[in-house]
Amino acid sequence: WTIEMFSKNEKGFITFPTKFAMVEPLLPLNHRGRTIVRMSVNPQSIIKEVEFGTSSLKDRIEAINKLCEADYKVGLLIAPVVLVENWKSLYSELIQQLSDELSDKVKKEMFIEIIFMTYSYVHRAINNEAFPKAVELYDKSLMTGRGRGKYCYRKELREEGEEFLRKEILKHLGDVPIIYVV
């Protein structure tokens with residue numbers, strides 16, 4: 001209902017991010033190009049260890065290909081970027097997999113957003129209680145305070161991550177627009 005109602009508006013777009021691949025009900029909707037779908041992607045091991053209950057990377061790629069084929073505007077959110085021990089190889093493999101499995105139409109029309117993980121004391125407490133076997137995301141050696149009880153990657157690590165991801169994207173996906181990196 002929302003997508004079809006919004007399609008009647010000539011002044012803007014509706015957008016939403018997702019980590020789910022169940023897009024079949026959206027494909028036949030009369031969206032008139034007024035809906036932008038941003039698929040969140042991460043290496044499969046991070047999806048498995050951090051993004052519990054969400055669709056696999058392979059299913060997300062298939063879903064974004066279907067949405068683009070149905071003429072939705074599409075983008076990719078590489079998010080949250082998690083700097084685990086072997087993050088460079090994981091994100092290099094992710095970008096290579098995107099290059100291999102995204103349709104030519106998606107690669108031609110998409111944009112990318114990159115969001116590095118931020119964390120808070122509250123998130124940590126909730127996640128530890130709800131998912132006791134989950135990977136520990138807070139690492140004092142990599143993170144610094146960003147307000148009361150909030151953490152982000154240290155500036156030099158964040159900058160290294162951004163430079164690495166930009167190079168890998170250029171190498172494997174070409175000059176796709178990167179809207180922002182935060």
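**Cysteines**

I looked first for disulfides, taken as pairs of cysteine sulfur atoms within 2.5 Å, and the structure holds 0 of them. Cys 68 has 0% relative accessibility and counts as buried. Cys 152, at 17%, also counts as buried.

**Basis of the entries**

The model is predicted, and I note that local features need pLDDT of at least 70, that side-chain atom pairs count only at pLDDT 80 or more, and that totals for chains, interfaces and linings use all residues. Residues are numbered from 1 along each chain as its sequence is written, and side-chain values use heavy atoms, with hydrogens and water left out.

**Helix α3**

I take helices (H or I, at least four residues) and strands (E, at least two) as DSSP runs, numbered from the N terminus. Cys 68 is among the buried residues of α3, which also include Leu 57, Arg 60, Ile 61 and Leu 67. I checked the length of α3: its 13 residues reach 18 Å from first C-alpha to last, close to the 18 Å expected at 1.5 Å a residue. The expected span is 1.5 Å times one less than the number of residues. With contact meaning heavy atoms within 4.5 Å, the cover over the buried residues of α3 includes β2, α2 (44-50), β3, α4 and α5.

**Backbone exceptions**

I recall that most residues other than glycine have a negative phi, and that most peptide bonds are trans. Asp 71, which follows α3, has a positive phi near 70°. Its place is in the loop between α3 (57-69) and β3. Arg 32 is another residue other than glycine with a positive phi, near 50°. Arg 32 lies in the loop between β1 (14-18) and β2 (35-41) and, at 42% relative accessibility, counts as partly exposed. I also found a cis peptide bond from Ala 79 to Pro 80, with omega near -15°; Pro 80 is in strand β3.

**Helix α7**

Helix α7 (residues 155-173) has 19 residues and reaches 26 Å from its first C-alpha to its last, close to the 27 Å expected at 1.5 Å a residue. I list among its buried residues Arg 158, Gly 161, Phe 164, Leu 165 and Ile 169. What covers the buried residues of α7 includes β3 (73-81), α4 (87-101), α5 (104-109), β4 (112-116), β7 (150-153) and β8 (178-181). Gly 174 follows α7 and has a positive phi, near 80°.

**Aromatic rings**

I counted rings of Phe, Tyr and Trp (its six-membered ring) as paired if their centres lie within 6.5 Å; planes under 30 degrees apart are stacked, over 60 edge-to-face, and the rest tilted. The structure holds 2 aromatic pairs. The rings of Trp 87 and Phe 164 have centres 5.4 Å apart and planes at 80°, so this pair is edge-to-face. This pair links distant parts of the chain, with Trp 87 in helix α4 and Phe 164 in helix α7, 77 residues apart. Trp 87 is buried at 11% relative accessible area, and Phe 164 is buried at 16%. Tyr 138 and Tyr 151 form a tilted pair, 4.6 Å centre to centre with 55° between the planes. Tyr 138 lies in the loop between α6 (121-130) and β6 (143-145), and Tyr 151 in strand β7, 13 residues apart. Tyr 138 counts as buried at 17% relative accessibility, whereas Tyr 151 counts as partly exposed at 23%.

I also checked for a charge over a ring (NZ of Lys or CZ of Arg within 6 Å of the ring centre and within 35 degrees of the ring normal). Arg 34 lies over the face of Phe 13, at 4.3 Å from the ring centre.

**Salt bridges**

With a salt bridge taken as a side-chain nitrogen of Lys or Arg within 4 Å of a carboxyl oxygen of Asp or Glu, the count comes to 13. Lys 19 forms a salt bridge with Glu 51, the closest N and O atoms being 3.3 Å apart. Lys 19 is in the loop between β1 and β2 and Glu 51 in the loop between α2 and α3, so the pair ties together parts 32 residues apart in sequence. Glu 51 also forms a salt bridge with Arg 60, with the closest N and O atoms 2.7 Å apart. Glu 51 is buried at 6% relative accessibility, and Arg 60 is buried at 0%.

Methods: Buried means under 20% relative accessible area, exposed over 50%, partly exposed in between (1.4 Å probe, protein chains only).
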